[in-house]
Structures are given as C-alpha cells and as structure tokens.
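The report begins with a question.

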Amino acid sequence: MIFEGYESFRASGFQPKVIVIGSGPAGTTIARKVAQAGIPVAIFEAGGEEYSEESQDFYKGRTVGDPYFDLDVTRLRYFGGSSNHWAGWCRVMDALDFEPKAWVPNSGWPIRRSDIEPYLDEVHDILDLVPFRDDIAISDDIRWVQLIKSPAVRFGEKFRDEIAASKTIALVLNTYVTELQGDGTQLTGARIWSQGKDQGIATAEYYVSCTGGLENSRLLLWSNEKSNGGVVPHAAALGRYWMEHPQFEGGNVIMNSATQFEMDEVSEAFFSPSREAMEREQILNFGIRFIQMPYHGAKWLVAELACVAPETAEWLSEELGARLRCAAQLYVGWEQSPRADNFVALSATERDALGIPRVELHWQKGELERRTLLEGLRLFGKTLAERDYGRLRIADWVLNGDPYPTDQELAGHHHMGGTRMGNDPATSVVDRNCRVHGMRNLYVGGSSVFATSGQCNPTTTIVALAARLGDHLARQVGQSAMLGKS
C-alpha cells in the first residue's frame, strides 16, 4: 500500500508493529524482510515519489573543516533515498575491515564478515548482481579485486509495484518524522509532520531509523535533546566517528602490455593491499582504480616522464621502443580512520522550515589518511616494477605533501558512522544487532552504523546489514507475540 500522506494512512486503520523511517536501500530492505514474515510494517518517507526542491531544502547544512560537497547535493530526500543518484558500484567490505587493527585506534566491529555472508545471495537479487569473484594476488602486497557495477538499482522504482500491492507494507509519503520520544528504556512514539501540519504521535512496538548517514545522527541528536536523554541514554558517541572515503587522482602508469591485468568492460581494473602490507606499513585499506588512457594520453605521459623521470624513460626506451602499449590514470579511494573529532552536530544558528536544527558536519582528513595515500601508491608502484609490468609516477602534490586538490572528486558521497556499532556504549551507539544501547525497541539501519569504513563503496554492505537486521526484527516481533500469548 502506498499513501500520499499521513492522514490517508491513519484513516486506513493500518496498525504497524514496526515503523521504519526512511525508504532508501536500508529502510526498504528491512521493511521487505519484516513483511515477508507476515508482520505489518510502515515506512515513513519524508519526501514524495519524485524529487522536489522544497523537500531537498531540509537537507541543507554546512561543513566545518576540509572542503566537502553541499549537504543538500550529496544525498536525496524522496522515495528510494540516495539510491536515486547511486552510480551502482558494488563490493562487500573485506573480512579484514571488520577486524581490530592495533595501528588504527577505535577499529574493529562486534561482528565479522561471516555474520553477513548468509545474506549475500539475496543482496545479489536486490541489487541485480552476478556473483563476486575471489581476489587475485599479484604480489605479496597487492591484490586484483572485483568491483561490479550493477544497473544502479533505484529502490523506489524497483520495489514500487511490490510495495503498492502489499498488504503488510504501508509506504507513507510526505511524512516527516520530526522527533522520536522515549523514556530512557524504550521509544514511546514518533512525532509526525505531514501535509502541512503536525499529525501527532505514531506508535508501534519497534522503530528503525534509516534516514541516512547524516540524518540518523541529526534525528537522534535532536530527539535526545528534546527528551532529555530519553532516546539515546548512552550518547557519548552519538554523531561521532563520522567517516568518508577520500578520492583523488594519485598518479599515472605506463605498462609494457595492455593485458597484464584483467580489465572490465570499460577498461578499468581495481586493486587493494594485503593485510600484511597494511600492517607492515601501518596504513589503512585503500582501493586503486586503474583507468586505461587512450593512445594520445599515453604519448603525453611518456613525454612527461622523459622530462621528470629519466630512469623510467630509460625503461620505456628499452621495453617499448616506438610501441606505446598501455597507459593509465590511477584514482585512489581509501579508508578513513574512525575519530571522535569527526562528527555530526546540530547547528546552533540554522534551522529547517519546521524549526529543527540543520546538520553541521565537522570533517577532516588526518595524518594516517595522508600516509595511506602515499604509501599505498608506493606499494602499487613497487609491485609493478618488481613484476616488470610497468612504471608508476606519483602525482607531485602527493609526493610533496601539498594540500589536497579542490578540483577533483574530494570523496565518494559515502556517509558512514555517527551511530556506530560496538559493544561499549562509551564508543558506540548501537550493539551488534543495530539496537540502540539501553533501548528495548529502537534500531538504526544504514551506513551510520559502520564502525570502520573499509575502502569499498558501502551500498552492498548496507543492504547485507539491513537484511540481517530485518531477520532479527522478525524474530523479535515473533518472540514478543509468543510472550503476549503466554
């Protein structure tokens, strides 16, 4: 069932046992899993079925620290959420990303990759993916890895007909949850604004906040402030440990063959480090995107290298002669360490149209991020040279420690952390099952629960975690029903 606003939903008499806030990949996946168990669930989506400037205005905010995207551009507020501008890149976080690393403070999850692996088959169905292939070691330090580009599933398009026909899912559009209410042990209701007015309090047995990697923190921070700590009773980490994936062009490569690596259909290949290399170099995880350049690009690069790297030019003359084989640009996206001083806060001065404080994002890249970029490129260059595959030129700004360029990608539009998962309420917001510490019936879905960011695009892992949470909620509701009958 789909309702255009809260009034028609209320008039229908539909009684959800679970309220999911947000209709992006996490919210839709959780709701579908719960509904498959025969449990009535409502999805409250603040936007409509289509993009609108009025709705998008609620996402405005500001960033303090490093240059970043406008906050109302980097996410979308309508049915399907930010899947509506997702590029489709898919890879599950590596097993090592879930493990603690002695050289990375605050690293490690309370779960392991094996906890989400049982859900990967259905994730492939949801995201329209073929099975992933195993990594291939090309040296002790570097692995060829597979990223799959799905058809970039738009959740609002793919699942609209299913939801419209469902008797157990109610999608309620144009319905903004402005505040959660709780007594410090459980959530008691969600205040609703819809169709131009306050619609009162919606209630259910369980609630799941799936509003995104910035808005989850915003909603919980505001609700906790209004309820005097009644929504997140252990709030020391709330909004903190926020992460992105920095992404920049880091260098160029000349190869002695265009067939040394398997390329995808658009002449790209992807590489990541081994755990041993990361530990030895004391760096974070990273991904190198190897993009073949056209012939004229290769000629330009050879000329550049001849001027600034005579040893490489000598290798070129010996190996290639007059035959230019392959050149590539290297784009690097890498993990950001979880630091408490990267955080989401409520603005003290700016509010949205309903008077709720806007997001103020505090975000900076640190020394470990900078070292990961440089040493990661060196590791890749060393592998190419030792295997005699090619030679790498690291960009001058990377080698010289110059400021990050402001005319490149900046980051991946990947919003992670803020309600991170962990066992210790002092450094996390939710437990291994995504339940807010100390709260019986409040859960969080999406990448805001990530304890570390890994190096890969987050959507595949988001959907796997959401499928796992959906299963958990279905069991919880079932157990609650059995207790009620006993």
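How many bridges join strand β2 to strand β3?

## Basis of the model

This is a predicted model, in which local features need pLDDT of at least 70 and side-chain atom pairs count only at pLDDT 80 or more, while totals for chains, interfaces and linings use all residues. Residues are numbered from 1 along each chain as its sequence is written, and side-chain values use heavy atoms, with hydrogens and water left out.

## The parallel sheet

Four bridges link β2 (residues 18–21) with β3 (residues 41–44), and the two strands run parallel; within this pairing, V18 has V41 of β3 as its bridge partner. Strands here are DSSP runs of E with at least two residues, and helices are runs of H or I with at least four residues, both numbered from the N terminus; two strands pair if DSSP finds at least two bridges between them.

Both strands belong to an open sheet of six strands, which has parallel pairing and the order β1-β9-β3-β2-β13-β22. Because β1 (2–3) and β22 (442–444) stand at the edges with a single partner strand each, one side of each is left without a neighbour in the sheet. Helix α7 (residues 215–226) lies across β2, β13 (206–209) and β22, and runs at about 155° to β22, where axes are lines fitted to C-alpha atoms, for helices over the stretch in contact, and angles run from 0 to 180 degrees between N-to-C directions.

The twelve residues of helix α2 (residues 25–36) reach 16 Å from the first C-alpha to the last, close to the 16 Å expected at 1.5 Å a residue, the expected span being 1.5 Å times one less than the number of residues. Eleven of these twelve residues are buried, among them T29 and R32; buried means under 20% relative accessible area, with exposed over 50% and partly exposed in between (1.4 Å probe, protein chains only). Just after α2, G38 takes a positive phi of about 80°.

I126, found in helix α4 (residues 120–127), counts as buried at 6% relative accessibility. Leaving out residues up to four places away in sequence, I126 touches T29, R32, V153, F155, K158, F159 and V463, with contact meaning heavy atoms within 4.5 Å. The C-alpha atoms of I126 and V153 are 8.1 Å apart in space, although the two residues are 27 residues apart in sequence.

Strand β18 (residues 343–351) pairs with β19 in the antiparallel sense over five bridges, and A345 stands opposite E360 in β19. The two strands form a hairpin with five residues between them, and G355 in the turn has a positive phi of about 85°.

In the loop between β19 (357–363) and α11 (367–386) lies K365, which is buried, with a relative accessible area of 13%. Apart from neighbours within four places in sequence, K365 is in contact with D66, P246, F248, Q336, R339 and Y404.

A search of the whole structure finds one cavity of 30 Å³ or more, and N433, C434, L465, R468, L469 and H472 line the largest cavity. On a 1 Å grid over the protein atoms alone, a cavity is a set of points where a 1.4 Å probe fits but cannot get out, whereas a pocket is an open set with protein on both sides within 12 Å along at least five of seven lines; lining residues have an atom within 4 Å of a point. Grid points are joined across faces, edges and corners, and a volume is the space filled by probe spheres set on the points.

The second largest pocket holds about 290 Å³ of space. Of the 17 residues that line this pocket, A46, E54, F58, R77 and N174 are the closest to its centre.
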